[in-house]
Amino acid sequence: MSLTPELTVWRDKIRAYAVGQGLDFFEVVFELLSWEQINEVAAFGGFPSRYPHWRFGMEFEHLSKSHAYGLSKIYELVINNDPSVAYLQESNEMVDQKLVMAHVYGHSDFFKNNIFFGHTNRKMIDTMAAHAARVRRHMDRFGQEKVEDFIDAVLSLENLIDPNRVFLDDKSNRVALPPEEEEPIQVGRIRAKEYLDPFVNPPSVLEEERQRLEREREERRRIPERPERDVLLFLIHFAPLERWQQDIVDIIREESYYFLPQMQTKIMNEGWASYWHTKIMTEFALDASEVLDYAEKCAGVFSMPPGNFNPYKVGLELFRDIERRWDRGQFGPAWQECEDYEAKANWDLGTGKGKEKIFEVRRLYNDITFLDTFLTPEFCNQQQLFVHRYNERTRRREISDREFDMVKAQLLGSLTNGGQPIIHVVESNYENRGELLLEHDHQGLDLDLGYARATMGNLQKVWRRPVHIHTYVDGKERIYSHDGSDFKETVVA
Amino acid sequence: MVLRIERDRQRFREIVKGKIKQNFRDFISQGEMIGRQDGKIVSIPIPQIDLPRFRHGKNQGGGVGQGDGEVGDETNAGQPGDGHGHAGDAPGQHMFEVEVTLDELAQILGEELELPNIEPKGEKQIQDSSDRYTGIRTTGPESLRHSKRTYKRALKRQIAAGTYDPRDPRIIPIRDDMRYRARSESTSPRANAVIIYMMDVSGSMGDEQKEIVRIESFWIDTWLRNQYKEIEIRYIVHDAAAREVDRHTFYHLRESGGTKISSAYQLLSKILTEEYDVNEWNIYPFHFSDGDNWGSGDTELCVRLMEEQLIPVSNQFCYGQVESPYGSGQFLKDLRSHFKDDGRVVTSNIPDKNGIYESIRTFLGKGN
C-alpha cells in the first residue's frame, strides 16, 4: 500500500532535512504494510519474494508467535538496493513512522557509501526474484523434495565463503589451480659416447627415474593449489554436481556474499542510522506532543539489558564520541600521550572536524576496524563494557574482566569472521582417494562437534565422497571424517 | 489477502508433522506428552529442525557485555550465536519443541494407524441451533459496532456531500452512519458422543497399569474428539463395587480388595438408560482391567449384561486387558469365546507400554 497523504508530507520533510545534513542515499521507497505482511517480509530477510524454502516459513512462525505474545516488534526493515525499499507498519503511531523514516535514510546512506557494500548487487530485489524463479523451475523439473534436500545441504555450508575475495582484482571466480601445461620431464643423464650410452644410461633405469619424478610432480599438483576459503566456489567447480545443483550452489553463494557486509558492519550500520534518527527527530521532526512517546521508544531501542551487548547503543555512542573528539581535537600523538587525566578530559582545541570525521568513518570502516581504531579506555568505562566467560567450576557465566585491553581483544575476537570458525579446503584428493579435506584455522576456540557432524554430513552429500576436517580439540590435533553414514575421529600422531 | 509465505509455512508444518510421524511409535507410548497439553495445543519435543553450520562450542571463549557488576558476578549474557548443546555432546540430538493442535495430532494418529473415519449413526443426530453474529443492523450497543461498515458509510456520505478532502482525510461518522453486528440463528445437525471409561482399581492394578490406561485413553480421546463435535467423558472405577468419579480420581485412585466387574457394567447400564438417549448419542464404553474377576458366576453376569443392555446401545464395546503380575487374564479369554463373531465387541491385550500402539489400532480401527 502506498503512503497516506500525511506520511507523504513527513517523508518529504525528513528527506529534505537529511539531504541538508549531508546524507547521500539511494532513493527510498516506503511501503505501508500490516503486521502480518511485515512479518512475512522479515521472514524473507527483507525481500518481497525468495525461493521456496521451509526455513522462511519457520522464521515466519517464530516472528508471528513472538509478535502475538508481544515479545517483539519489528521496527525497521530496509533493503540494500537502488532504490532502497523500506517498510512501515500501518498500525504504528506517527512518531514511530517518523523515527523509522529517519533511521532508514541513515541506513540507505550507509549502504550507498560504505566501501564494504561497494561490491553488492544494487538490483538485489530483482535478482532474488530471479533466484526464486530458477529454484521453482528446478523444483518443477526435478521434484520439490529432491531440490529442497539439496538446498538444505548447501545452506548448511552457506557461511563458508571468503570475505576477502570481494576485494580481489580477479573477479573471475576462479579457484587457484596448478598450471595445466608443464614442461616435459627431463631425466638426468650421464654424459657418454653414443655407443656407450645404453650401458651408462640403461633405458630401464631412465624409465624408473622418469616415473619417480612424475610421481613427485603428481604429489605437488594438488587441487586447490593454495587453501581455498570460498568452499562454495570450490564445490561449484570440483564437486560432481549436475547443472541444476551447480545453479543452486551459485544462488546460495551469491546471496551469502550479498548479506556478508551487513554482518561485517552491524554495529556501525545501526549506530549510524541511530545517530541520524536521534539527530533528525530531536532537531527537527519531533512534535512537542510526541516527546514522551519518543523518549520511551529510544529507551527501548538503546536499552542495555543487564549483561547484553546492544549494537545500536554502542554504535551510536561511538559515533557521537568520535564526533566529540574530532570537534575538540582529541586525537593524534599529543592527546594520546597526555597523562594528565584532568587535562585529557577537558582537552579542546576547537578543531571542529567532528562531522567531517564521522562521514569519513562511515565510508571507510567496518566493525572490526571501527572498534580497533576508535575504542578508547574512557569510552569503555563510560559504556560499562566487560568481558564475560563461562566458569567451569561454578558452572555459570561470570564477568571476568573490565580491563580495556581485555575488552577490546574479546570484542575484536568475537567479531572476526562474524564469530564463525574460519575454514579452508586444502585437498580434494585426500589420501589419493578423491576425498575432501578441510582445515579449521583454529584460533583458540574449538568447533561444536554436534554441529560439525551434521554439517559434515551435508557436505558429504554434496561432495559424494568421504569428507574430513582437520582441527584441534582441547589442544589435541584431530581429523574428523564423515563418509555418509559414520562420523569418526582420528587422532593425528 | 493470502501471504506469499503461506507455501513455505505449509512446508514447514509438513516437515514438523513428518518428524512427529517418524517418532510416532515412541510418542504414543510416552506419557509426557499428555502433561504438555494446554487446551487444544500440545507441545511435542522433536529432534531439531535446523540447518547445521560449523560453529564454535557454546561455553568456549567469552563475550562482551554492558552494565553494572563486579568481576566474578554472574551474568545472564547471551554469547554471540547462542546455541544449544555442548561440545562433545551426543551430536545431532538437540531437541526442539513444536506446538501442534489436537486436531493435527488426531490427523497424524489417523494417518499413521490408518484409522478409518467414523460415520456417525444416521439417526443419532440432533438439531443444534447456535447464534452467530452474521447480521447487521442500525442500532445496537457500542461494543458490537462494525467499525469498517460504519466508516465506509461515513466516507460515502462525506464524498457525496463534498466534505471529504483526500489531503486531510478525516472521516467523522454521525448517528446515521452507525452499523452494528446482529445475531442470527443457524441450525445444523450435530452428532454427539459419550465415552465411558471404566477401570478396575483393585489391588492387582499397579501404577504401571494405570499409566498405560491413562496414555491409551489420551489417544482415544484425541481421536474421538476429532471425529465428533461434542464429546462427553465419564469415568467409573470399580473393585468389588463401582462408583462414578472425576477424571483426576480415576487416574489416581488406588483401592484394594476383590474385583466384581459386573458392578461396573451395572452402573454403566444405569447411567446410559437414565442419561443418554440412544437415538441421540454415539456411545463408546471402554473397560480396562487386568482380567481377574471374582469367579465365573460374575463373568456370566457380565456377559448377560453386555448382551442384553450394553451392546445394543453402544457403537462398540471395548475391553482392554492390561497385563499385571497378579492378574490371571481369564476375563479376556471368556469375552473372546463369548463374542467371537460379534464385531461390536473389541478386545485387546496390552502387555506393556509398547503394546499401546497396536491396542489403539485395534480399538479404533473398525470405524464404528
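In this predicted model, the side chains of R167(B) and D165(B) form a salt bridge, with N and O 3.6 Å apart. R167(B) counts as exposed because its relative accessibility is 71%, while D165(B), at 29%, counts as partly exposed. Elsewhere, salt bridges with shared partners connect E61(A), E6(B), R9(B), R13(B) and E104(B) into one network. That network draws its members from chain A and chain B. Over all chains, the structure holds 47 salt bridges.

Two further salt bridges can be followed within helices of chain A. In one of them, the side chains of E207(A) and R210(A) meet at 3.3 Å, N to O. Both residues belong to helix α8 of chain A, which covers residues 203–220. They are three residues apart, about one turn of the helix. E207(A) has a relative accessibility of 33% and so counts as partly exposed. R210(A) is also partly exposed, at 30%.

The other salt bridge joins R324(A) to D321(A), and here the closest N and O atoms are 3.3 Å apart. Again the spacing is three residues, about one turn, and the helix in this case is α13 of chain A. R324(A) is partly exposed, with a relative accessible area of 38%. D321(A) has a relative accessibility of 7%, and therefore counts as buried, since the term buried applies under 20%.

The whole structure contains 39 aromatic pairs over all chains. One pair is formed by F319(A) and F370(A), whose ring centres are 5.1 Å apart. An angle of 40 degrees between the planes goes with the description of this pair as tilted. F319(A) lies in helix α13 (residues 311–327) and F370(A) in helix α17 (residues 367–374), so the pair ties together parts of chain A that are 51 residues apart in sequence.

Chain B provides another aromatic pair, made by F288(B) and F363(B). This one is edge-to-face, with 6.4 Å from centre to centre and 80 degrees between the planes. It links distant parts of the chain: F288(B) sits in strand β9 (residues 281–289), F363(B) in helix α11 (residues 356–364), and 75 residues separate them. F288(B) has a relative accessible area of 0% and is therefore buried. F363(B), at 1%, is buried too.

Back in chain A, F319(A) and F370(A) also belong to one aromatic cluster. Chain A as a whole has 20 helices and ten strands. Its C-alpha trace spans about 105 × 65 × 50 Å along the principal axes. Of the 493 residues in chain A, 52% are buried.

The surface of the structure includes a nonpolar patch on chain A. I190(A), Y195(A), L196(A), F199(A) and V200(A) make up this patch, and together they have about 550 Å² of accessible area. I190(A) is placed in the loop between α6 (144–155) and α7 (197–200) of chain A. With a relative accessibility of 54%, I190(A) counts as exposed, because exposed means over 50%.

A charged patch is found on chain B. Which residues form the positive surface patch? They are K148(B), R149(B), K152(B), R153(B), K156(B) and R181(B). Helix α5 of chain B, residues 147–161, contributes the largest share, with five residues. R181(B) is located in strand β6 of chain B, which runs over residues 180–200. At 32% relative accessibility, R181(B) counts as partly exposed. That value meets the requirement for a patch residue, because patches are made of residues with over 30% relative accessible area and no salt bridge.

Methods: Residues are numbered from 1 along each chain as its sequence is written. Chains are lettered from A and ligands numbered from 1 in the order in which they are written. This is a predicted model: local features need pLDDT of at least 70, side-chain atom pairs count only at pLDDT 80 or more; totals for chains, interfaces and linings use all residues. Side-chain values use heavy atoms; hydrogens and water are left out. Patches are made of residues with over 30% relative accessible area and no salt bridge: like charges are joined within 9 Å, nonpolar side chains (Val, Leu, Ile, Met, Phe, Trp, Tyr) within 5 Å. Accessible areas come from the Shrake-Rupley method with a 1.4 Å probe; for residues, only the protein chains shown count as cover. A salt bridge is a side-chain nitrogen of Lys or Arg within 4 Å of a carboxyl oxygen of Asp or Glu. Lys and Arg count as positive and Asp and Glu as negative; His and the chain ends are not counted. The place of a charge is taken as NZ of Lys, CZ of Arg, CG of Asp or CD of Glu. Helices (H or I, at least four residues) and strands (E, at least two) are DSSP runs, numbered from the N terminus. Buried means under 20% relative accessible area, exposed over 50%, partly exposed in between (1.4 Å probe, protein chains only). Rings of Phe, Tyr and Trp (its six-membered ring) pair if their centres lie within 6.5 Å; planes under 30 degrees apart count as stacked, over 60 as edge-to-face and the rest as tilted.
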